[in-house]
Each structure stands twice: as structure tokens, then as C-alpha cells.
Amino acid sequence: TNLTGANLNRAVLHKADLREANLRETDLTRADLKSADLTRADLSGANLSKAKFRKANLTDANFSEADLTGMNLDEATLCNTILPWGIDDSGC
């Protein structure tokens, strides 16, 4: 899936299958991705401010240079997840 630069502001994507999706520079402000699978997804440079990733699978996802202001990662799986400040393996 290639959604580079798409405007998904406030989108509801519960349980979405976004494995290996290209979401670079996408606007996901206030989007709700509860229980979504974003394994190996590229979200580099995306606007994820106030996005909800509750219970999402973020294994091997790339969030480099993304805006994570107020993002909710409650119960998300973080394993080899690239964040702006480094790799998070807390959920492996």
C-alpha cells in the first residue's frame, strides 16, 4: 500500500492491515489506528500528532523524523521500532 503524503487526518483505521505500507509524510493527525497491524510500515516524516495506536503492532515500523506529539502508544507492540530518538525493543 502506498499512501505517501495522503491526508488521513482523523481517519478511523481500526484493525487495518497496513503491513509494509508506505505512509511517509502522511498526515495522520488524530487518526485512530487501534489494533492496526503496521509491521514494517514506513511512517517516516509523517504527522502523527495525537494519533492513537492503542494495541497496534508496530514491529519493525519506521517513525524516523515523524511528529509524535501527543501520540498514544498504550499497549502497542514495539519491537525493533525506529523512533526519532532511537530503536525501541520494549515489546519484543
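Select R10, R30, K50 and K52: in this predicted model, these four residues form a positive surface patch. R10 counts as exposed, because its relative accessibility is 58% and the cut-off is over 50%.

Beyond its neighbours within four places in sequence, M71 is in contact with L48, K50, A51, F53 and F63. Show the C-alpha atoms of M71 and F53: they are 7.5 Å apart in space, although the two residues are 18 apart in sequence. M71 has 14% relative accessibility and therefore counts as buried.

Turn now to the salt bridges, of which the whole structure has four. Begin with D17 and R19, whose closest N and O atoms are 2.4 Å apart. Both residues are partly exposed, D17 at 46% relative accessibility and R19 at 45%.

Move on to E20 and R40, a salt bridge with its closest N and O atoms 3.0 Å apart. Both partners lie in the segment before β1, so this pair ties together parts that are 20 residues apart in sequence. R40 is partly exposed at 44%.

Finally, select E75 and R54, where the closest N and O atoms of the salt bridge are 2.9 Å apart. This pair, again within the segment before β1, ties together parts 21 residues apart in sequence. E75 counts as exposed at 53% relative accessibility, whereas R54 is partly exposed at 31%.

Conventions:
Residues are numbered from 1 along each chain as its sequence is written. This is a predicted model: local features need pLDDT of at least 70, side-chain atom pairs count only at pLDDT 80 or more; totals for chains, interfaces and linings use all residues. Side-chain values use heavy atoms; hydrogens and water are left out. Buried means under 20% relative accessible area, exposed over 50%, partly exposed in between (1.4 Å probe, protein chains only). Contact means heavy atoms within 4.5 Å. Patches are made of residues with over 30% relative accessible area and no salt bridge: like charges are joined within 9 Å, nonpolar side chains (Val, Leu, Ile, Met, Phe, Trp, Tyr) within 5 Å. Accessible areas come from the Shrake-Rupley method with a 1.4 Å probe; for residues, only the protein chains shown count as cover. A salt bridge is a side-chain nitrogen of Lys or Arg within 4 Å of a carboxyl oxygen of Asp or Glu. Lys and Arg count as positive and Asp and Glu as negative; His and the chain ends are not counted. The place of a charge is taken as NZ of Lys, CZ of Arg, CG of Asp or CD of Glu. Helices (H or I, at least four residues) and strands (E, at least two) are DSSP runs, numbered from the N terminus.
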